[in-house]
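Me: I am new to this structure and would like a short tour. Could we look at it together?

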Amino acid sequence: MTKKYNKISFILILLIVTSFAASSGCLREFDEETRLIISDMEISADSVKSTYAWFNVTTYVENIGADSNDNSTVMLKVFNERTGLLELKQEEDIRPIKEDETKMVNQKIRLPKSGSYRISAAIINDGEIGYDIWMTLSGLENLPTDTQETGMQIEGIDFIAREASSKGIVIENDIYLKNEGVETTEDYRILFKAREMDARLIADKKWISSGEIEPEDTIIRSVNLTVPDNYNYIVEVSIWDGNTIVNTGEDYVQLNPEKIIERDQQVQNKDIDTTDFVVEEDYEWDYAEETAEEESPGFTATFAAISLISALYIARRRLQ
């Protein structure tokens, strides 16, 4: 009985030791596979345009084991928070890292300036996914557009009433442009719009060129806009680089001084004569982006004349 008991005990001890050795081997292999961890991730805006932005993503990879090889990468994934769909995926090599050292892995991504995104960074070692980390990015629409790239800054707008005619008041708009960059600016396009404050109708709009501006110089560019009298206007100015708006500004013209224009005041009803804002297309826009508005549906002059002649003919037949 004692020999049998000793034999059973020896078998149990052998199984425990074997099991412990096997477990130790698995743990050791697991530690070797995950010796690289991500200790931190930073995201910063690199370049901000009107509709999209470039971001720098820095992933801090720490080696907590033996010296690493060069088979590891950082995989970056960007998911749309609203839809959950994958928007972007890219990888960057980590390169060998010595034991107890930390290396920064830099990647650049481009995202639309709308919505929220979940950015995930994971270590890929020999095709297997290891340590990962993620961050949420939101409020991109509030990022201001870069002015340093163009150097163009709108310092102010002045208005001068030049003349009055049956078509309205001619207002000269002087815009002060300053180059705050370190290089001479390009020749940008500038769009002026005179918008009636209550109905938001456009009374007039014109394109001009900025011309090249030397660093630290301030120049004045002028344009005349013709607007109906007795209304208040917002004059909107936008600077265009190709098809991208790089800067905007606005100011007010009060041709009806009794009207309170502060936006936080009580809303007041005001009669708008929309015929004052009918624009006769007697000129062509200089740029393809500004196309003529489609004609409103209704009776044409020819149709109205035919209708009048028909009515007179029927009235004459009845009199006979």
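Predicted model: local features only at pLDDT ≥ 70, side-chain atom pairs only at ≥ 80, totals over all residues.

Me: How many salt bridges does the structure hold?
Reply: There are 3 salt bridges, a salt bridge being a side-chain nitrogen of Lys or Arg within 4 Å of a carboxyl oxygen of Asp or Glu.

Me: Which residue pairs with D46?
Reply: D46 is bridged to K108, with 3.2 Å between the closest N and O atoms. This pair links distant parts of the chain, 62 residues apart: D46 is in strand β1 (residues 36-48) and K108 in strand β5 (residues 102-112). Strands are DSSP runs (E, at least two residues), numbered from the N terminus.

Me: And what about R162?
Reply: R162 forms a salt bridge with E172, and their closest N and O atoms are 2.5 Å apart. R162 belongs to strand β8 and E172 to strand β9 (residues 168-179), 10 residues apart.

Me: Is E172 buried or exposed?
Reply: E172 counts as buried because its relative accessibility is 13%. Buried means under 20% relative accessible area, exposed over 50%, and partly exposed in between (1.4 Å probe, protein chains only). R162, at 48%, counts as partly exposed.

Me: Which partner does R195 have?
Reply: R195 bridges to E236, the closest N and O atoms being 2.9 Å apart. R195 lies in strand β10 (residues 189-196) and E236 in strand β13 (residues 232-241), so the bridge ties together parts 41 residues apart in sequence. R195 is buried at 16%, and E236 is buried at 19%.

Me: Changing topic, where does N63 lie?
Reply: N63 is in strand β2 (residues 52-63), and its relative accessibility of 0% makes N63 buried. A polar atom of the N63 side chain lies 2.8 Å from the backbone oxygen of I97.

Me: Last one: which residues form the negative surface patch?
Reply: The patch is formed by E155, E180, E186, D187, E212, E214, E216, D217 and D241. Patch residues have over 30% relative accessible area and no salt bridge, with like charges joined within 9 Å. One of the members, E155, is in strand β8 (residues 152-165) and counts as partly exposed at 46%.

Key: Residues numbered from 1 in each chain as written. Heavy atoms only, no water. Patch = residues over 30% accessible without salt bridge, like charges linked within 9 Å, V, L, I, M, F, W, Y side chains within 5 Å. Areas by Shrake-Rupley, 256 points an atom, 1.4 Å probe, with all protein chains shown as cover. Lys, Arg positive; Asp, Glu negative; His and termini not counted. Charge placed at Lys NZ, Arg CZ, Asp CG, Glu CD. Helix = DSSP H or I, 4+ residues; strand = E, 2+ residues; numbered from the N terminus. Polar contact = N/O pair within 3.5 Å; in protein donor to acceptor, adjacent residues only side chain to side chain.
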